[in-house]
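Student: Could you walk me through this one before I set anything up?
Tutor: Gladly; have a look at it and we can go piece by piece.

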Amino acid sequence: MAQGVWAIAEQRDGEFRKVTYEIVSEGRRIADALGQELTAVVLGSNIKDKAQELAQYGTDKIIVADDARLDPYTTDAYTAVIAQLVKANDPAVLLMGASVQGKDLSARLSARLGVAMAQDCTAFQVEDGNFVATRPIYAGKAYAKVAFENSWPNMATARPNVMAVNEPDTSKSAEIIEADVTLEDDSLKTKVVDIIRDESGKIELTEADKIVSGGRGMKGPENYKILEELAELIGAAVGASRAAVDAGWRPHTDQVGQTGKVVSPNLYIACGISGAIQHLAGMGTSKIIVAINKDPDAPIFQKADYGVVGDLFEVVPALTEEVKKYL
Amino acid sequence: MNIVVCLKQVPDTETQIKIAPDAKSIVTDDIKWIMNPYDEFGVEEALRIKEKFGGEVTVVGLGPKRVTESIRTALAMGADKGILITDDALEGSDSLATATALAAAIKDLEYDIIFTGQRGIDDDLGLVGASVAELLGIPHISLGIKVEVAEDGSSVKVHRPVEGQTLIIESSLPVLITAQKGLNEPRYASLPGIMKAKKKPLEEKSLADLGLDASEFGEGARKLKIVELTPPPERKPGKIVEGETPQEKAAELAKLLHEEAKVL
């Protein structure tokens, strides 16, 4: 019988992504609820020393697959290695982060294993001994609780920034198991031939703790400067509504909403965004929502924890000055 | 260069989602169905590649008869022929079953590139593209925002944005690419295009036509069971920040974010 909870770690350039700590921490809670062991699985090149760090977040064991062909990530290599490990060890639950990489890998891996996959979940629970997951559908206009039927391992990914990270306990260590990596070179059909890095210091929206976002009310691309100033001061990423992206004011990668990125920061400041249903869908799981808009009837105020009715061109620069008192 | 585009119909993004009394499905009355926006990018990219390299674009849709309308839209944009996989037994199928039916229809076609949307904007699972590729035994590259086919038509380079960087991934053909916003600006169907689309071949196939066993599809065969659907969690009512001037409001907001919300 399938046994154990696995958390597939994600690293880039030898550093774990934040979502890795989130799924290891959540994996610990699920493993405890099931009364089973938690195993973290780390793939990469020269990653063995770094892997031990995950013990601090509560994993019992760490499987390390170390091979030059596992850095950088490719779908082909990671799917092959993890599928082999799953078949050899038969885990009951397999968790990943719903990052770009995790979504890609989980999709291919679930098809290879012939199992169901619950993507981008916001909560995991154990009910009557069974693993269940809750996930937004229709970009958050509804939530689905899902369970797995004859589908082992139960596979799910966790939305970044939603699940709590355990306080690291440096006294803990975990057993490291080195996996044999068997990869046929001719099975690796895709390769990364180049990497274009974003401008340094730019915070990725899906990982951001705070986001300052601008919509149609920004009136033009040049005015985003005031949002960037506030964002830089408080360590926020800058997002945009579909209207602003479709107008060509901001790049597609900055769009928050049903046809853009789904974000979940601690603080989301919506400036000049009316709150079309497709935008609300993309940021509705933010912890604190602030709306700054001159139209008191804008739907965004229905979702906001704090609403400021006013001209954003006056309010935002004033806010930038005021927050300095608290930094 | 022969290209296949997979197509799904989804509720328009402005749709208010209402949960049905069974708490397992949504109310579909009054829904305006549209071509999944990410699939539309796939159709457009297929047409651009065809315009450069020649060949044929085949659109494969899956779902009830109404999906015909979206396939016709793709044909009016310039695709050459359509296939609709439609069967009552498909209703309620999960991603793997859907991918199985699509792969069965595609395997007998000639193809160099397959496009799917990066995800359907209804279930938001994003599994079908990679699953079709897996079932066909070909590689996939997800989230393409730029597709460059080599002049000799033997390989492809795809730009794929990930957090903080863009990866350029090379693959041999055939390959499946999932389309992300930013890939292109889909064209509108022209009036002559709409007229021509009416005469283009559009074939319907049932599960039996594809040699598939209907008992492995539909609600009953789901491996991912829907326990219940609920409305999104209610947010507690917010407050309007008071103040006579923008400065006062800004000062009050900063104070609330620091003292009450504790996010500054």
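Student: What do S9(B) and S10(B) form, and which residue in the turn has a positive phi?
Tutor: Keeping in mind that this is a predicted model, S9(B) and S10(B) make a hairpin with two residues between them, and in its turn Gly164(B) has a positive phi of about 85 degrees.

Student: How many bridges join those two, S9(B) and S10(B)?
Tutor: Eight bridges join them, with S9(B) and S10(B) running antiparallel, and within that pairing Lys157(B) stands opposite Glu170(B) in S10(B).

Student: And S8(B), how does it pair with S9(B)?
Tutor: S8(B), residues 146-149, pairs with S9(B) in the antiparallel sense over four bridges, where Lys146(B) stands opposite His159(B). The hairpin of S8(B) and S9(B) has five residues between the strands, and Gly153(B) there takes a positive phi near 70 degrees.

Student: Switching to the interface, how many residues does each chain bring to the contact?
Tutor: The contact takes 81 residues from chain A and 68 residues from chain B. Among the elements giving two or more residues on the chain B side are S9(B) and S10(B), along with S13(B), while H6(B) gives the most, with nine residues.

Student: What's the make-up of that chain B side by class?
Tutor: The side of chain B that touches chain A has 36 nonpolar, 17 charged and 15 polar residues.

Student: Which strand of chain A pairs with S13(B)?
Tutor: That is strand S10 of chain A, residues 142-148, which pairs with S13(B) in the antiparallel sense over six bridges; in S13(B), Lys225(B) stands opposite Ala147(A).

How values were computed. Residues numbered from 1 in each chain as written. Chains lettered and ligands numbered in written order. Predicted model: local features only at pLDDT ≥ 70, side-chain atom pairs only at ≥ 80, totals over all residues. Contact = placed C-beta atoms within 7 Å. Nonpolar A, V, L, I, M, F, W, Y, C, P; charged D, E, K, R; others polar. Pairing = 2+ DSSP bridges.
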